[in-house]
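Student: Could you take a close look with me at one part of this model? I would like one connected explanation that starts from a single pair of residues and then widens out.

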Amino acid sequence: MLRASRGVLVQCDPSIRALILQIDNERPGIVLEELDDSHLLIKQDKIDVVKDELNKLLSKNIYNPFEEE
Amino acid sequence: MSSGNLFKATVNEYLEGLPRNVQSKLYEAPATCLSIFRLLPPMAKFYIMSMLFNEQSVALRDLDRWCKPSAKKLQYESLKRLKSLHLIEDDKLANHIQLNKTFRQNFRDCLTGSQDSNAFGTLCVAVDKHKVDIAFLDTFASSKWETILHFMVGTESTATPSKSVLSLLRSGGLMEGHASSLKITNTGFQFLLQDVNVQIWTLLLQYLNLTQELNMDPVDVLNFLFMLGSLELGKSYMVSSLSATQVSMLADLRDYGLVYQRSDSSGRFYPTRLATTLTSDSAALKTPSMALEQTLQTTDENDNPQPTEAPSSSQGSIIVETNFKIYSYSNSPLEIAILNLFVHLRTRFANMVCGQITRESIRKALYNGITADQIIKFLETHAHPQMQLLAKEKLDKKIEFDASHNINTAGGAPQSKGSDSNVQQHKLEILPPNIVDQIKLWQLELDRIQTFDGYLFKDFSTQQEFEILSNYASEVGVLIWSDKTKKKFFITEGGLDQVKNYANRKFK
Amino acid sequence: MDAISDRTFKDDIYQEGTSDDPSLLTVILDLSPSGWYNIKDQITINELVKSILVFLNAHLSLNNSNQVAFIASSLNGSKFLYPNPGRDYDKVQTTVNGNNDENMVDDTFNSTTYINKGMYRQFRLVDEAVLEELNAYVKEIASNIDLKKQNTTLSGALSMALSYTNRMLTLDQSITTTTGSAINSTTNSTASDNNNNSSTTTSNSVNSMKSRILIISASDEDDVKYIPIMNSIFAAQKMKLSIDIVKLGYQDSSYLQQASDATNGIYLHIIDPKGIIQFLTTAFFIEPSIREYIILPTNSNVNYRASCFITGKSVDLGYVCSVCLCIMSVIPENKSCPACRSQFDPKILAQLTQTPAVVAKKKRKLDTNGNTATPTTSTPS
């Protein structure tokens, strides 16, 4: 039977998708459905959590010109 | 998205939000009809024009026939826009629409020139004893406007704008705090980076909200604003032809630099360039400082609009190096304050400041809602003449090289595009391309993911059912993602009702 | 990532799908007297011009920076009615507005009584100029009709329109590319006109001007100058501007049909021109920016006939020079191609003239399109 479920569609590249899945592993209940290589369905209230975590992960390897001086 | 579209979007949104009776009252003024028409998307303009000289109502089916199937979404959006403005109305006949009668009549009059001679303001016939020229009006407008901007960044030794301006800034969320110690907010900084046109409309829409509280008729106010947009620069108009509400607006508009009136009792007013460009895309005053240049140049109008020749303090002063260092030969607190939004400023000298663009500084700006495009555009328009000169030389060399070697180094656009000449594919690169790209990349980094709120449809019983519904969703333009083999698709939040209704009709 | 990054690195992302760039509309009005005489029962130039003016206004109303140009073409040559380099628009406008000088007011009102002075200024400027110049131009035509000249000068008008368009486009481009900043008198006047309107197209915008041409012709004669017209059509094709055609009168014009067909334009043969404003504001109001989304109301059976290089008449079946593809309806007397001067092989010419093969082939289907059916390929010696 046809069903419609509410959520947030996340479009990203596969590397980001992998990171999101990793976040989901650590604290389950974020990803509702894995749609394809570049799309995920995420629980609506969890989107900010995902963005924050992602930001932290991505900021790990950034060159800062002021640190050298 | 270009700034032109931005201001259109905000104005349109406001107009669409107006109650229907207000809207239809608005359409009684030809000048307003013209302005509203200009704000519409191209497809909607076409629809209006095609119905303008047609007395009969038009079948929706006939409108469908005009459009290629690929443009369904565009058509749907245009019609939605027209409907929310109540420019088109449903006819008694089912599936027929017709143009708003008042609008049709007045817009037609406007095109054929048979409207009231008063519709576009009444020119003063008598000669003004204290005649002012366009240069004066430009200086007047930009000094008024710059006063507001300078006040916002807290430049010392600038006059405080009038009370009405202050209350606008506060109610618009551009500044906060008590009257004596107003502080600029993040929105305010974002405001500073925008085109003058967008800035003015932001304030004017705020003004409209205030006038409603003061029980002024919004129709009168809007009509006046739109009329201002169609007046002629350098001409004076009679105050006596205005309504009482509009006369009371004059004082406020004078504070913003939109109109010039010699004194309160003067029987005439001059619209300034800020006013006459209200409804046009190409703002004549790009930035406050460019306004000054234009006043310097009104005698020589065919000059390059981005003047690079005459050295003067009022033009661009920023030098951007490929190593992300920025030097600005400027003492203007306004400019330094704006730079400080997205540059890590390090040293300040008597006539210049140095700084560096870093990931953190850009991110800070991005978090504040400033976009990469805004930053790039700001740097471009304020680039030092030397940078522009350099860029031009480089471009000329490139074109020459291409011409002599008969190749195309412009990149990106493949040769097969054919008939465009090489010249058109080259772009003037004022800023080092690596900086531009990096700023854009930093913005991208912030949204490595794109999110859409909406609904996932799944568990279809048959492939056919899936296809019917997903095709419908893509036709009305609400489909975001679909997968045939998994029989799932995702639609926008707003599209749910439509798709649900369609499914109920189709499958039950 | 691609899908996301594309958004940022593409220059023109508009959520609305269409851009609202300013556009230039050039109207060419063919004033050849015979054509208008033929349809004098249907519509007069006067009535038509009224509709055209409304149409011009409508175009100007689309966007503050929109431009129009108006060219009249007749047997005596073509002329720009608007913009006119020799005319000071600002001056005209101030006098019409009626300043203190009473005499001036009277003067100008005599010549432009049609235009309501309360009209929106951008409209009024154009309308007044066009009407005034048109009146003068028609008088000029009436006073010296040269019976020897029978060809319309449509091709000339078309070239003028193309060069004007090109100049407007490069003027716009010159800001971003610095090349081709040759601004001369015509654009001077329009550019300064713009500045007064305070709607400079020459602002440093990324917008590029779009353009199209509309030809209004009532001429039923088909012997236009084929080569110059075709060359103009190809130039237009290259510039990617559409040529729209309003054909009045009784017959289709195959060359105008080809013009619109080759440039993705609209061709309509309007048999009853009374309600022409409806045609102008619907079918002919499809701006370049939305052209790709609209199904153009044009008929598909275009007559692709070419015309003979020697006689100027159109050819169904003829000869083709194998060197330059020049088309002839008769074998030239000097036995050489009129266009490239190649000598034709006398043997083949002899075959062509002597055998009844031509007649035989003529019985074959006529519509097999000149090329295949032509019994030619005469090789130059």
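Tutor: Gladly! Let's start where A:Leu9 stands opposite B:Phe452 in S13(B). Residues are numbered from 1 along each chain as its sequence is written, while chains are lettered from A and ligands numbered from 1 in the order in which they are written.

Now back to our pair. In general, strands of a sheet pair through backbone hydrogen bonds, either parallel or antiparallel. S1(A) also has a partner in its own chain: S1(A) and strand S3 (residues 39–42) of chain A pair antiparallel over four bridges. There, A:Val10 stands opposite A:Leu40 in S3(A).

What does the rest of chain A look like? It has two helices and three strands, and from the N terminus on its elements run β-α-β-β-α. Of its 69 residues, 25% are buried, where buried means that 20 or more other C-beta atoms, placed from the backbone, lie within 10 Å of the residue's own; 12 or fewer is exposed, and in between is partly exposed. Residues 24 or more positions apart make up 49% of the chain A contacts with a separation of 6 or more, a contact being two residues whose C-beta atoms lie within 7 Å.

The largest nonpolar core has 189 residues, and C:Ile71 and C:Ala161 have the most contacts inside it. Apart from it lies another core, of 28 residues, and among them are A:Leu35, A:Leu41, B:Phe460 and B:Ala473.

Strands S14 (residues 479–483) and S15 (residues 488–492) of chain B pair in the antiparallel sense over four bridges, with B:Ile491 in S15(B) as the bridge partner of B:Leu479. Four residues lie between the strands of this hairpin, where B:Lys487 takes a positive phi near 55°.

Chain B also holds an open sheet of four strands in the order S9-S10-S12-S11, with antiparallel pairing. S9 and strand S11 (344–348) of chain B stand at the edges with a single partner strand each, so one side of each has no neighbour in the sheet. From one strand to the next, the twist averages 20°. S9(B) meets its antiparallel partner, strand S10 (residues 325–328) of chain B, through three bridges, and B:Ile326 in S10(B) is the bridge partner of B:Val320. In helix H18 (residues 372–381) of chain B, the buried residues are B:Ala372, B:Gln374, B:Ile375, B:Phe378, B:Leu379 and B:Glu380.

Elsewhere in chain B, helix H6 (residues 72–84) contains B:Leu82. B:Leu82 counts as buried because it has 23 C-beta neighbours inside 10 Å. Leaving out residues up to four places away in sequence, B:Leu82 touches B:Ala44, B:Tyr47, B:Leu87 and B:Ile88.

How far can we trust the model? The predictor gives the complex an ipTM of 0.83 and a pTM of 0.68. For chain C the mean pLDDT is 71, with 66% of its residues at 70 or more. Over residues 1–17 of chain C, pLDDT stays under 50. Where pLDDT is low, the predicted coordinates should not be read in detail.

Methods
Predicted model: local features only at pLDDT ≥ 70, side-chain atom pairs only at ≥ 80, totals over all residues. Core = buried A, V, L, I, M, F, W, Y, C linked by C-beta atoms within 7 Å. Pairing = 2+ DSSP bridges. Axes fitted to C-alpha atoms, helices over the stretch in contact; angles between N-to-C directions. pLDDT = per-residue confidence, 0-100.
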